[in-house]
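My entries follow in the order in which I made them.

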Amino acid sequence: MKAEAGRRDGRIPLTLLGGFLGAGKSTWLRHQLHEGRFRKRHFLVNEAALTPVDNLLLGKAARVEVLAGGCACCDGLPALVAALRQICDEATTSGASGIDGVLLETSGLADPGAIAVALAADQVLARRLVMEKVVVIVDAVHGRDQLAGEPLARAQVEAADELILSKPLLAKYGDLARLAATIRVLNPTAVISAAEHGTPVSLTLGSALPFPLPVVAAMAEPIRPYRIEVGKDGGWIALSTWLSALLQSRGDDVVRVKGIVRAPAGLLLLQSVRRMVQPPEILPERDAWLSGPAPEEGMIVLIGRNLDGELLERSWRRFGA
């Protein structure tokens with residue numbers, strides 16, 4: 001098999017990349033691509049919302065395909081199975097693209113363990129794919145709160161073969177050591193490391209007490225994506241002011257913000273995690289750099305719970321008009 005010359009059984013290796021909303025999965029992948037890893041992989045990028053954004057960070061990947069509009073562990077599972085079967089069929093066809101495996105970047109709301117179980121139960125994919133590794137990124141700044149309050153965050157950690165603490169330089173040393181001890185309790189066998197913007201960081205933690213984790217009941221209100229059309233006319237000052245006010249007042253409910261907006265400096269990739277807004281990244285205007293579908297300019301996605309989509313739209317129209 002051209003796509004999997006390294007395996008005698010001919011199966012295609014699959015790596016799952018998981019982590020809670022805003023953990024830094026795409027940032028980590030971007031650095032791996034910069035270092036030359038995974039460049040021959042077929043990337044599947046799963047987005048809970050209908051607006052794909054994360055693929056914009058993977059410009060050096062050979063093949064990127066976006067599965068948007070549902071998590072791959074539940075609503076988006078049929079699309080994932082169909083995409084993987086298509087990849088397997090192409091890999092056995094004469095003149096196939098020469099990929100050496102598949103890497104699935106899951107949405108921040110997906111349970112990689114549930115995906116692995118579902119794929120193993122598929123009679124076709126069980127013969128054609130082999131699960132290589134489950135890598136899970138854990139946010140060193142927000143990880144404690146996520147593990148304390150989100151059953152999904154714990155499930156992601158428990159499913160991992162490798163756990164990578166992101167943003168370690170933003171965390172206090174004592175908190176970082178206790179977070180590492182906490183995820184060690186949840187998953188005693190996984191390899192634990194740290195990376196800042198994808199670059200490995202030494203992790204010498206010594207002994208530390210894990211954070212106590214309360215019993216977490218299933219949340220009555222699930223986390224959902226909300227699309228807000230903010231326009232293409234460059235109302236950047238109004239948008240940044242509106243978002244700042246929203247995150248200050250509802251930052252506990254707005255878990256993640258992503259989007260592509262027009263500003264005086266150019267086309268910006270906008271991202272935030274809770275109340276922490278990342279510096280906007282200026283995107284090239286040319287289409288040639290794109291991986292996967294083109295960005296949906298003028299659309300932002302808010303991901304959170306206890307939000308009213310119509311109220312959010314009315315608020316933006318009133319503020320941004």
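**Cavity and pocket entries**

I worked on a predicted model. I began with the lining of the largest cavity and sorted its residues by class: 7 are nonpolar, 4 are polar and none is charged.

I then looked up how many cavities of 30 Å³ or more there are, and the count is 1. For the largest cavity I noted a volume of about 60 Å³.

I next listed the residues around this space. The lining consists of Gly19, Phe20, Val136, Ile137, Val138, Gly143, Gln146, Leu147, Ala153, Gln156 and Val157. Strand 5 (129–139), helix 5 (143–149) and helix 6 (151–158) each give two or more residues to this lining.

I turned to the largest pocket and recorded about 680 Å³ of space in it. I counted 43 lining residues, of which Gly24, Thr27, Arg256, Gln271 and Gln278 are the closest to the pocket centre.

Which elements give two or more residues to the lining of the largest pocket? I found helix 1 (25–34) together with strand 2 (41–47), strand 6 (162–166), strand 7 (191–196), strand 10 (254–263), strand 11 (266–273), strand 12 (276–277) and strand 14 (299–304). Helix 1 gives the most, with 5 residues.

Last, I checked the domains. Domain 1 (12–201) and domain 2 (224–320) each supply at least three residues to the lining of the largest pocket.

Note on methods. Residues are numbered from 1 along each chain as its sequence is written. This is a predicted model: local features need pLDDT of at least 70, side-chain atom pairs count only at pLDDT 80 or more; totals for chains, interfaces and linings use all residues. Side-chain values use heavy atoms; hydrogens and water are left out. On a 1 Å grid over the protein atoms alone, a cavity is a set of points where a 1.4 Å probe fits but cannot get out, and a pocket is an open set with protein on both sides within 12 Å along at least five of seven lines; lining residues have an atom within 4 Å of a point. Grid points are joined across faces, edges and corners, and a volume is the space filled by probe spheres set on the points. Helices (H or I, at least four residues) and strands (E, at least two) are DSSP runs, numbered from the N terminus. Ala, Val, Leu, Ile, Met, Phe, Trp, Tyr, Cys and Pro count as nonpolar, Asp, Glu, Lys and Arg as charged, and the others, Gly among them, as polar. Domain bounds come from an automatic or database domain assignment.
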